[in-house]
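Start with the structure itself, then read on.

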Amino acid sequence: MPRNSFRFGPLPARVLFGAGTRAALAEEARAAGIHRALVLSTPQQAGLAETVAQGLGDMAAGLFSGAAMHTPVDVTLTALEALTDAGADGVIAVGGGSTIGLAKALAARTGVVQVVLPTTYAGSEMTPILGETENGQKTTRSGPEIQPEVVIYDVDLTLSLPVAMSVTSGINAIAHAVEALYATNGNPVIDALALEGIGALVGTLPAIVADPTGVAGRERALYGAWLCGTCLGSVGMALHHKLCHVLGGSFGLPHAETHTVVLPHALAYNAPAVPGVIAALAPILGDDPAAGLQVLAQRLGAPHSLRDLGLAEDAIDRATALAMQARYPNPRALEETAVRAMLARAWAGEAPLSEPISETAISEVMA
Ligand code: NAD
């Protein structure tokens with residue numbers, strides 16, 4: 001913002017939204033070109049995957065229920081054997097970002113068609129991005145073959161998402177939209193989706209905590225997650241996503257919880273550089289949106305320190321160094337001391353602080 005000149009690519013996935021939409025799965029998979037499908041899930045959602053496979057009849061070629069967080073490459077290679085043994089030409093992923101990540105990893109290696117049924121708010125289904133972990137390092141790649149062809153957002157599948165996970169997953173979604181608002185390659189269409197998505201989630205997360213099986217509240221959250229995932233898939237992310245990527249990939253921290261803890265701090269870090277974004281967020285999150293996000297998360301019972309998520313204090317230096325390594329666009333120049341101080345506050349669970357930008361950083365941004 002302001003966005004006077006931009007590029008906008010059409011959003012490639014076919015989307016079905018609404019309660020009961022999973023009934024169209026077999027028809028959609030067939031139309032997408034699948035003859036034999038391997039159904040994917042985590043071990044925790046194996047029962048749901050089994051039910052989905054039964055509904056596919058002859059099209060179901062097998063089940064693989066070993067998906068794991070941060071898409072470990074060894075799990076993908078085992079799933080690849082299952083895919084080959086089953087003679088499958090498509091995968092059907094039922095689950096959150098971990099299961100969808102596995103579908104993407106298989107599609108990246110084989111070109112299989114993907115139909116996905118998201119059960120969290122992580123948003124991976126709307127992106128052509130794959131993050132994989134090997135030897136303690138998380139790397140990402142992206143390409144059109146990674147984007148799932150069909151996304152079935154069946155609200156019923158989200159009713160079982162535990163309250164704590166619903167809150168952190170919802171804030172994970174909000175993080176995509178927040179960073180889209182200051183993306184250097186952003187555009188006004190994505191800005192509109194971002195604000196709509198953030199508004200939907202901020203409005204409905206308290207309703208989900210109060211009534212986790214209320215369909216209307218869940219519908220609103222899934223709608224918000226779809227929009228926020230679209231933001232993630234359409235424009236570049238910045239410091240917040242880089243930090244979470246490092247904390248998840250190199251320190252094994254849980255994905256959604258880490259996003260929840262870090263987002264207020266990352267937004268506070270960037271706030272002095274993006275007054276227009278802060279003004280746009282104020283009607284939804286208050287005059288200090290970074291503080292507003294932290295208050296919301298705490299009110300909904302979410303974790304608020306990296307210490308509570310299991311990060312050792314002496315990991316802060318290495319995490320800072322890793323976050324500083326790769327160059328990526330961020331609205332505020334990356335100042336090592338300020339990034340470290342911000343991570344230290346997130347570690348201790350302190351309030352987010354918008355430190356003034358140093359003179360050197362201002363001249364770097366202006367250059
Ligand atoms: P997840 O998929 O790991 O799910 C967490 C746990 O909740 C799992 O045990 C899962 O089986 C369970 N679960 C999921 N939905 C449920 C439901 N409705 N009811 C009951 N249990 C349910 O968590 P996530 O946060 O969705 O995904 C995190 C992973 O996704 C990370 O590896 C992250 O890097 C990746 N991700 C990737 C992208 C991308 O664009 N590439 C985007 C977002 C997240």
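Contact here means heavy atoms within 4.5 Å. This is a predicted model, in which local features need pLDDT of at least 70, side-chain atom pairs count only at pLDDT 80 or more, and totals for chains, interfaces and linings use all residues. Residues are numbered from 1 along each chain as its sequence is written, and side-chain values use heavy atoms, with hydrogens and water left out.

**A threonine in H9**

Thr258 lies in helix H9. Helices (H or I, at least four residues) and strands (E, at least two) are DSSP runs, numbered from the N terminus. Leaving aside residues up to four places away in sequence, Thr258 touches Cys244, Leu247, Leu253, Leu306 and Leu309. Thr258 has a relative accessible area of 1%, so it is buried. Buried means under 20% relative accessible area, exposed over 50%, and partly exposed in between (1.4 Å probe, protein chains only).

**H9 against H11**

Helix H9 spans residues 255-270 and helix H11 residues 289-299. Their axes come within 8 Å and cross at roughly 165 degrees. That makes H9 roughly antiparallel to H11. Axes are lines fitted to C-alpha atoms, for helices over the stretch in contact, and angles run from 0 to 180 degrees between N-to-C directions. Angles under 35 degrees count as roughly parallel, over 145 as roughly antiparallel, 65 to 115 as roughly perpendicular and the rest as oblique.

On the H9 side, Thr260, Leu263, Pro264, His265, Leu267 and Ala268 make the contact. They meet Pro289, Ala290, Leu293, Gln294 and Ala297 in H11. The residues of this contact divide into 8 nonpolar, 3 polar and no charged. Ala, Val, Leu, Ile, Met, Phe, Trp, Tyr, Cys and Pro count as nonpolar, Asp, Glu, Lys and Arg as charged, and the others, Gly among them, as polar.

**Aromatic rings**

How many aromatic pairs does the structure hold? There are 3. Rings of Phe, Tyr and Trp (its six-membered ring) pair if their centres lie within 6.5 Å; planes under 30 degrees apart count as stacked, over 60 as edge-to-face and the rest as tilted. Two of the pairs are tabulated here.

| Pair | Centre to centre | Angle between planes | Class |
|---|---|---|---|
| Phe17 and Trp226 | 5.9 Å | 25 degrees | stacked |
| Tyr153 and Trp226 | 6.0 Å | 40 degrees | tilted |

Phe17 lies in strand E1 (residues 14-17) and Trp226 in helix H7 (residues 215-234), so their pair ties together parts 209 residues apart in sequence. Tyr153 sits in strand E8 (residues 150-153), 73 residues from Trp226. Ring pairs link Phe17, Tyr153 and Trp226 into a cluster. Tyr153 is buried, at 0% relative accessible area. Phe17 is partly exposed at 31%, and Trp226 is partly exposed at 23%.
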